[in-house]
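Please keep the sequence and the 3D view at hand while reading.

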Amino acid sequence: MAQIRDGNLLSLPTAPTLAAWGAAWSSACTGVDCGGLKPFFLNSVLMVIPAVLVSTVLGAVNGYIFSKWRFRGSETMFAMMLFGVFMPMQVVLLPMSQILGWLGIANSIWGLVLVHVIAGLPSTTLFFRNYYVGLPDELVKAAMLDGAGFWRIFWRIVLPLSTPITVVTLIWQFTNIWNDFLYGIVFSGAASKPVTVGLNNLANTSSVVKEYNVDMAAAMIAALPTLIVYIVAGKYFVRGLTAGAVKG
Amino acid sequence: MTAGAGTAVARSAEPFGARLARWVPKLVLAPSFVLAFLFIYGLMAWNGYLSLSASRLLPNYEFVGIEQYQRLFESERWWVALTNLGIFGGLFIGCGMTIGLLLAILLDQKIRVEGVLRTIYLYPMALSFIVTGTAWKWILNPGLGLEKLAHEWGFAGFSFDWLINPDRAIYTIVIAGVWQSAGFVMALFLAGLRGIDDSILKAAQIDGASLPRIYWRIIIPCLRPVFFSTLMVLSHLAIKSFDLVMALTAGGPGFATDVPATFMYTMAFSRGQIGLGAASATIMLATVAAIVVPYLYSELRGRR
């Protein structure tokens, strides 16, 4: 800490230590609790895995229907869902907190999972739909002539061709949900706060001396999962995302 | 599993099986569509109703007309929030696009480490605004960050107290926001630049057009659709921005850096002014809709 106060922004630490990381992980204070970022991090993990998987699977099926099984009114339905991508989420906060209360999952991780799944549906549907529109219709038609049904075509023909868009959607949903703060702060209770809320509380907890090293270590911990995903798979993500955005 | 059964039935009893097969997509789509529909439009209407009610600490469905909106627009704090959104939105979009485009043009000069740079510029996008805000809070802290750095380099008169200066604090949010999004904008523009036909550029070069002129007269006009997509993305990011403000300044000093999103949160969840919060959310929704609906409409029209 002394180094931070004496040195400047660019001076490298003279005695690097991982102590701050340890403190940020397990003993830094957020408000009155001093359990570090660990419980928040675990909450985020528990929340992000089901939310990402469910919203991606539903998006894939919806996109498949909106592109290959169109029916009267399906385009209108798609347009209506599309608005959900842009809608400011402030609009749903008040009613949603009441609904979660009625369902008995207010302040729980499951409440957050539910909100993230529904809020993510429009984007995942959009991603898969735009991708599947590019697959030739003949593939589906030929399979239908051979007697394959709805699910078998999806499972055997469409899904094996979906790897690029699945990667994009998984990364997109993972970063969005992991980094979400608004739902986290509004819908979570004391025991279900995600890591972003934990970090914000930690950074705003004023002690006698502000421990910037611990704050920054905590920020790094909160950022690590998404950063790793980007470092490992960022290339595919950029390719898929920009192709869609420029085209669409 | 349904497929196997469905097709088996289809072969033996044609009419029923065929009808069933036709209904499968609709039945599969129904649950998630209904959920999303209720979530988007049902809650929108509900919020709209709340904004016309007398709700304060608890929802109260007594109808009071546009009283909450009157209170909203008489509130000084709301006007501060709107002004801030104007400053933040304008600068965030303007600077974000300019820097993103410049970076894209520089990266497009066929330099060797392009792939590496392109990925690195995108890393900020992986971060939560909360992480960005926490980091910039330290960098911009007058006692520890940039100001101290400049002092130690010998610029004793250098003062950079924007973070705690009520008139300047909003600009720190712009800085952090642009830092976060410039890489993404760059990626969009870069993809657009790659999509431009090389032969047009060759032709212009043969005609003796200078490089800046080619960029100004040919390339940038070709990028119009990308400008449009980027504008959409950035403007709705700006209107929704909440996390960054909360992490960097929490709307302070005082309420000098409030934006509509933080105003709504404060009113609805910590000041016990549910009706007022709902009214401000409705205004946000109307603003986004005014930008997005014409865009979506033209997009869907254009595709047919």
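The points below are grouped by topic, after a short note on conventions.

This is a predicted model, in which local features need pLDDT of at least 70, side-chain atom pairs count only at pLDDT 80 or more, and totals for chains, interfaces and linings use all residues. Residues are numbered from 1 along each chain as its sequence is written, chains are lettered from A and ligands numbered from 1 in the order in which they are written, and side-chain values use heavy atoms, without hydrogens and water.

**Salt bridges**

- A salt bridge is a side-chain nitrogen of Lys or Arg within 4 Å of a carboxyl oxygen of Asp or Glu. Over all chains, the count by this rule is four salt bridges.
- One of them joins A:Lys68 to A:Asp137, with the closest N and O atoms 2.9 Å apart. Because A:Lys68 lies in helix H3 (residues 38-68) of chain A and A:Asp137 in helix H7 (residues 137-145) of chain A, the pair ties together parts that are 69 residues apart in sequence. Helices (H or I, at least four residues) and strands (E, at least two) are DSSP runs, numbered from the N terminus.
- A:Lys68 is buried, with a relative accessible area of 13%, whereas A:Asp137 is partly exposed at 36% relative accessibility. Buried means under 20% relative accessible area, exposed over 50%, and partly exposed in between (1.4 Å probe, protein chains only).
- A:Arg129 and A:Glu75 also meet through their side chains in a salt bridge, at 3.2 Å from N to O. A:Arg129 belongs to helix H6 (residues 109-133) of chain A and A:Glu75 to helix H4 (residues 74-86) of chain A, so this pair ties together parts that are 54 residues apart in sequence.
- A:Arg129 counts as buried at 4% relative accessibility, while A:Glu75 counts as partly exposed at 21%.
- In chain B, the side chains of B:Asp258 and B:Arg77 form a salt bridge of 2.5 Å, N to O. B:Asp258 lies in the loop between helix H12 (243-248) and helix H13 (260-270) of chain B and B:Arg77 in helix H4 (residues 76-107) of chain B, so the pair ties together parts that are 181 residues apart in sequence. Both B:Asp258 and B:Arg77 are buried.

**Charges over rings**

- A charge sits over a ring if NZ of Lys or CZ of Arg is within 6 Å of the ring centre and within 35 degrees of the ring normal.
- A:Arg129 lies over the face of A:Phe78, at 4.3 Å from the ring centre.
- In chain B, the charged end of B:Lys26 is placed over the ring of B:Trp23, 4.7 Å from its centre.

**Aromatic pairs**

- Rings of Phe, Tyr and Trp (its six-membered ring) pair if their centres lie within 6.5 Å; planes under 30 degrees apart count as stacked, over 60 as edge-to-face and the rest as tilted. Over all chains, the structure holds 25 aromatic pairs.
- A:Tyr183 and A:Phe187 are stacked, because their ring centres are 5.8 Å apart and their planes are at 25 degrees. These two residues are four residues apart in helix H10 (residues 182-187) of chain A, and so are separated by about one helical turn.
- A:Tyr183 is buried at 6% relative accessibility, and A:Phe187 is buried at 2%.
- B:Phe189 and B:Phe227 form an edge-to-face pair, 5.0 Å centre to centre with 65 degrees between the planes. This pair links distant parts of the chain, with B:Phe189 in helix H8 (residues 169-194) of chain B and B:Phe227 in helix H11 (residues 224-240) of chain B, 38 residues apart.
- B:Phe189 is buried at 0% relative accessibility, whereas B:Phe227 is partly exposed at 24%.
- One aromatic cluster is formed by A:Tyr64, A:Trp69, A:Phe150, A:Trp151 and A:Phe154.

**A covered helix and a loop residue**

- Helix H11 (residues 195-204) of chain A is mostly covered, since eight of its ten residues are buried. Among them are A:Val195, A:Gly198 and A:Leu202.
- A:Asn107 is not a glycine, yet has a positive phi of about 60 degrees. A:Asn107 lies in the loop between helix H5 (90-103) and H6 of chain A, and is partly exposed, with a relative accessible area of 48%.
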